[in-house]
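Here's a quick briefing to read with the structure open beside you. We'll go through the sheets, then a helix, then a handful of individual residues.

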There are 2 protein chains.
Amino acid sequence: VNPDNPPRPGGLFLGGTAYTPARMRVILVGFGSVGQAFARLVEQRRESLYAAMGLSPRLVAVADTRGAAVAPGGLSADELLAAKASAGTVGASARGVPGWQPGDTAALIRETQADVVVEASPSVMANPAPAMANLMSALGSRKHAVSVNKAPLAVAMPALLELARYNRVQLRFSGTVGAGTPVLATARTLAQGDRILRVRAILNGTTNFILWRMSEQGEAYHAALAEAVRLGYAETDPSADVDGIDTCSKVVILANAVLGRRVTAGDVRVEGIRDIALERVRAARERGASVKMLGEFGVDGTLRVAPGEVPSRGPMDVPANLNAVQFTMETAGEVTLVGRGAGGPETGAAILRDLVDVWNTTPHA
Amino acid sequence: VNPDNPPRPGGLFLGGTAYTPARMRVILVGFGSVGQAFARLVEQRRESLYAAMGLSPRLVAVADTRGAAVAPGGLSADELLAAKASAGTVGASARGVPGWQPGDTAALIRETQADVVVEASPSVMANPAPAMANLMSALGSRKHAVSVNKAPLAVAMPALLELARYNRVQLRFSGTVGAGTPVLATARTLAQGDRILRVRAILNGTTNFILWRMSEQGEAYHAALAEAVRLGYAETDPSADVDGIDTCSKVVILANAVLGRRVTAGDVRVEGIRDIALERVRAARERGASVKMLGEFGVDGTLRVAPGEVPSRGPMDVPANLNAVQFTMETAGEVTLVGRGAGGPETGAAILRDLVDVWNTTPHA
């Protein structure tokens, strides 16, 4: 079976146009490291997904900050990647949209026939409005939405979930927390047959790296931060990481998804680790503990982000820029999931996982 | 809504008997710590499960080694527990079956009307036949089966999966690996959108405790084993643990479920840790590693159980009697799940999780 040209149900005509089962048409917004990895992955996995479950995802529109490309029959990842590499935008490809304006994305989403919209532009916490408009445009035009952009979820997750429910489409976001490490799916599994009482999590690789260097190498905060920047783990402006904003947005997403708490970033008490004293890290180490940037919430109403201590050599004492999430279960005790928390290919895999979930939970021929 | 007496669809009569939607009738085989915990959990959670998804599981038959109790309308957990505590068998309860013989279990399963059979008798690797007969009787009479007994799966998992498929019922077994820690569900999630290349796992709490004591306390093998026995982590005959038999059966189950490899215990190269030299553990420690009893398999054909080393302070270096499973993913790198690997209540929660999965994936009114 050729996944690019799946069998058609008898050449059905609708309004003069041959009806072709598209097997999931996808609009992709954002073509940075995540979007590019996802576009590659879609092509790599199409054949095996079609063989396994009849799913053949196809990119029908892609927009980046400077341009867009549209092709109802499907865009080629190679062409998109080549245009991005040579001209800096997918708009330079053969399928580029002439006269494109950055503000056109929400209209493109609304007006393009598609099943799912993937919002993969960078999470800008200070300006969630553009991504918010994209998600609202997707859900409002009855398209499923997969967001790896945390910003709109952090400020308006309860409203977005409600909008999805109202339009009877799905809003998925498994790549926002833990990237390829399946934090949200594990939480759902755990909640089935047992009860999650509390979640304690290290959700930001940059701050974990800084605190780990301070503890292991005895480096001061600024030296450890410089090392993180040198290795590409931290931005030159590390505010979103060290001030706890990134962790806060992930805690909001988890609390909504895991405990059904209808909260937003404004509800979280946040304390970052900027300029944290080496003495504090050293003192913890002498007590057999490690200082970590922790996001915490629970059925008791806790909802906070702050530096805290975990036992050394326990499963939460993860090195380098790893993430770790510990669930305290009513019956099964503590269950901890450890893995990378970022990365283009990892996040691309999470998007594909969400598409498979959408496919498996939606009626289709 | 009263979950014990759910609304009936119009008093439909079938052959003169009022048809009552049973909302999942369960036969439970085995009433040790796991079976008892499961019976309690079913009563505790019935109301919330019914409210959330219309599922109201009811024990219609329970068998232990010495007796059985049957009640089509549902058995009371309290009565079963009281009979077990006072007389050593559920057969002593008011609903006890007179003239019960231990060999009657397979016939009881076949002849009792029920939706699911839970096989929760102890895993006896040297004698898998009785549990095997129970599962075959369940699947053969078109009942779903949930096994927390590893023995029949270790010797005949491919055949049992085939029998389930032939009879169009489900065989579930999430409690056999990791107890309440959702190892199998995490594997399924990870395989969606990414590819599992290799699994490396610590699946036996007893041997992890022994090796951990040897490494941390500098104790010799026999002293560490004695401590494990004293704390109730090891049986007085620890063969199944220290000779790798328990780990082997879990590796077989994982390899079948995670990679679709149709293997049995006979296909696994097994080396235990009986009488392992303290010197070996010490030498590893000096190299920054910990000796663990590892089960390993992968797409390259690896399938073995043997002592091996993991980096100290990494996520696989779990203390005491914890379990840990590390998945090496094609895209997402290494993802590690850590939690308790045994316990009656934990395993009871896993059974309930399987019942919820059966309920959610089966058509029902």
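**Sheets and their edges**

In chain A, 6 strands make up an open sheet with mixed pairing, and the order is S5-S4-S3-S6-S7-S8. The edges belong to strand S5 (68-70) and strand S8 (171-172) of chain A, each with a single partner strand, so one side of each has no neighbour in the sheet. Bear in mind that this is a predicted model.

- Val146(A) sits opposite Arg172(A) in S8(A).

**The sheet that takes in both chains**

- Another open sheet has 12 strands and mixed pairing, in the order S10(A)-S12(A)-S11(A)-S9(A)-S13(A)-S14(A)-S14(B)-S13(B)-S9(B)-S11(B)-S12(B)-S10(B).
- Its edges are strand S10 (269-270) of chain A and strand S10 (269-270) of chain B; each has a single partner strand, so one side of each is left without a neighbour in the sheet.
- On the chain B part, strand S13 (residues 322-329) and strand S14 (residues 333-340) pair in the antiparallel sense, with 8 bridges between them.
- Gln326(B) is found opposite Thr336(B) in S14(B).

**Helices lying across those strands**

- In chain A, helix H7 (residues 205-217) lies across strand S9 (196-202), strand S11 (289-298) and strand S13 (322-329), and it runs at about 150° to S11(A).
- In chain B, helix H11 (residues 278-286) lies across strand S11 (289-298) and strand S12 (303-311), running at about 95° to S11(B).

**Helix H2 of chain B, one face in and one face out**

- Which residues of H2 (residues 77-87) in chain B are buried? They are Ala77(B), Leu80(B), Leu81(B), Ala83(B) and Lys84(B).
- Looking down the axis of H2(B), those buried residues fall within an arc of 160°, so they line one face of the helix.
- The general rule behind such a pattern is that an α-helix has 3.6 residues a turn, so residues three or four places apart point the same way.
- The buried residues of H2(B) pack against helix H1 (33-53), strand S4 (58-63) and strand S5 (68-70) of chain B.
- Over on the other side of H2(B), you'll find Asp78(B), Ala85(B) and Ser86(B) exposed.
- At the start of H2(B), Ser76(B) has a side-chain oxygen that comes to within 3.3 Å of the backbone nitrogen of Asp78(B).
- After H2(B) comes Gly88(B), with a positive phi near 80°.

- Asp246(B) belongs to helix H10 (residues 245-259) of chain B, and its relative accessible area of 9% makes it buried; the cut-off for buried is under 20%.
- Its side chain has a polar contact, at 2.8 Å, with the side chain of Lys250(B).
- Setting aside neighbours within four places in sequence, Asp246(B) is in contact with Lys150(B), Leu203(B), Asn204(B), Ala240(B) and Asp241(B).

**Cysteines**

- How many disulfides does the structure hold over all chains? The count is 0.
- Cys248(A) is buried, at a relative accessible area of 6%, and Cys248(B) also counts as buried, at 7% relative accessibility.

**Positive phi away from glycine**

- Arg313(A) isn't a glycine, yet its phi is positive at about 65°.
- You'll find Arg313(A) in the loop between strand S12 (303-311) and S13 of chain A, where it is partly exposed with a relative accessible area of 29%.
- Ala179(B), not a glycine either, has a positive phi of about 50°.
- Is Ala179(B) buried or exposed? Ala179(B) is buried, with a relative accessible area of 1%, and it lies in the loop between strand S8 (171-172) and helix H6 (183-191) of chain B.

**Val229(B) and its surroundings**

- Val229(B) is part of helix H8 (residues 221-230) of chain B and counts as partly exposed at 30% relative accessibility.
- Not counting residues up to four places away in sequence, Val229(B) touches Ala234(B), Glu235(B) and Thr236(B).
- Val229(B) and Ala106(B) are 123 residues apart along the chain, and their C-alpha atoms are separated by 34 Å.

Technical notes. Residues are numbered from 1 along each chain as its sequence is written. Chains are lettered from A and ligands numbered from 1 in the order in which they are written. This is a predicted model: local features need pLDDT of at least 70, side-chain atom pairs count only at pLDDT 80 or more; totals for chains, interfaces and linings use all residues. Side-chain values use heavy atoms; hydrogens and water are left out. Buried means under 20% relative accessible area, exposed over 50%, partly exposed in between (1.4 Å probe, protein chains only). Helices (H or I, at least four residues) and strands (E, at least two) are DSSP runs, numbered from the N terminus. The arc is that of the directions from the helix axis to the C-beta atoms. Contact means heavy atoms within 4.5 Å. A polar contact is a pair of N or O atoms within 3.5 Å; within protein, one must be able to donate a hydrogen and the other to accept it, and residues adjacent in sequence count only if both atoms are side-chain atoms. Two strands pair if DSSP finds at least two bridges between them. Axes are lines fitted to C-alpha atoms, for helices over the stretch in contact, and angles run from 0 to 180 degrees between N-to-C directions. A disulfide is a pair of cysteine sulfur atoms within 2.5 Å.
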